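Student: I would like to learn how to read a protein model. Could we begin with one pair of residues?

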Amino acid sequence: MTIVRYEPWTLMNRLHREIDQIFGDSFAAPAASSEQSVAWVPSVDVHEEPERFVVHADLPGVDAKDIHVTTENGVLTLRGERRFEKRASEKGFERLERVSGAFLRRFTLPDNALVDAIQARHVNGVLEITIPKRSAPEAKRVNVQVQ
């Protein structure tokens, strides 16, 4: 059996992106939100290992200098931008399926994450972020005194 994550807003987000592509303008007011407009959302895999958490983000065509990884108040933020060169269409038509522009992903870090030891590397269009775990404190037995 395949488990599929239910995301009720996926259809609305896709419709919004398609309307933006048709009209070339965003109906969302960027001034109304504190975040910059996001053009695309990279695919991300997150898994847990005994000693660490690992995040893999697909960022094809994104230069390492355009990727920013930050942590603040227990939240890991991946932010950046994919840029494409502008090119003139010689035959009067063109089809563009690859999206360029800014991206943003945020993840709440667990309490046992060692924020100061997070490492990130970018290889062949995949960003790998390793988040070491803090060792769990051992349970201490308390003796009950009888009086």
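Student: With which residue does Arg-83 form a salt bridge?

Tutor: A salt bridge here is a side-chain nitrogen of Lys or Arg within 4 Å of a carboxyl oxygen of Asp or Glu. Arg-83 forms one with Asp-66, and their closest N and O atoms are 3.7 Å apart. The pair links distant parts of the chain, 17 residues apart: Arg-83 is in the loop between β4 (75-82) and β5 (101-108), while Asp-66 is in the loop between β2 and β3 (67-72). The model is predicted, so local features need pLDDT of at least 70 and side-chain atom pairs count only at pLDDT 80 or more, while totals for chains, interfaces and linings use all residues. Residues are numbered from 1 along each chain as its sequence is written, and side-chain values use heavy atoms, with hydrogens and water left out.

Student: Is Asp-66 buried or exposed?

Tutor: Buried means under 20% relative accessible area, exposed means over 50%, and partly exposed is in between (1.4 Å probe, protein chains only). Asp-66 has 10% relative accessibility and therefore counts as buried. Asp-66 and Arg-83 also belong to a network of salt bridges that includes Lys-65 and Glu-81.

Student: How many salt bridges does a search of the whole structure find?

Tutor: The search finds 6. One of them joins Arg-52 and Glu-49, with the closest N and O atoms 2.6 Å apart. Arg-52 is partly exposed, at a relative accessible area of 31%. Glu-49 is partly exposed too, with a value of 26%.

Student: What can I say about Glu-128 and Arg-121?

Tutor: Glu-128 and Arg-121 form a salt bridge, their closest N and O atoms being 3.0 Å apart. Look up each partner separately. Glu-128 is buried, with a relative accessible area of 17%, whereas Arg-121 is exposed, with 51%.

Student: In what order do the strands of the 4-stranded sheet lie?

Tutor: Strands of a sheet pair through backbone hydrogen bonds, either parallel or antiparallel. Two strands count as paired if DSSP finds at least two bridges between them. Here an open sheet of 4 strands has the order β1-β2-β7-β6, and the pairing is antiparallel. Its edge strands, each pairing on one side only, are β1 (44-48) and β6 (119-123). On average, neighbouring strands of this sheet are turned by 15° against each other, direction ignored.

Student: How many bridges join β1 to β2?

Tutor: There are 5 bridges between β1 and β2 (residues 52-58), and the two strands run antiparallel. Val-44 has Ala-57 in β2 as its bridge partner. For Glu-48, the bridge partner in β2 is Phe-53. β1 and β2 form a hairpin, with 3 residues between them.

Student: Which strands make up the sheet of 3 strands?

Tutor: That open sheet has the order β3-β4-β5, with antiparallel pairing. β3 and β5 are the edge strands, each pairing on one side only. β3 and β4 run antiparallel and are joined by 6 bridges.

Student: Where does Ala-136 lie?

Tutor: Ala-136 lies in the segment after β7 (126-132). Ala-136 is exposed, with a relative accessible area of 65%. Positions in sequence and in space are read separately. Ala-136 and Asn-112 are 24 residues apart in sequence, and their C-alpha atoms are 7.6 Å apart in space.

Student: What percentage of the protein chain's residues count as buried?

Tutor: Of its 147 residues, 21% count as buried. The protein chain exposes about 12,400 Å², of which carbon and sulfur atoms supply 51%; such areas come from the Shrake-Rupley method with a 1.4 Å probe, and for residues only the protein chains shown count as cover. A contact means heavy atoms within 4.5 Å. Among contacts in the protein chain between residues at least 6 apart in sequence, 52% join residues at least 24 apart.

Methods. Axes fitted to C-alpha atoms, helices over the stretch in contact; angles between N-to-C directions.
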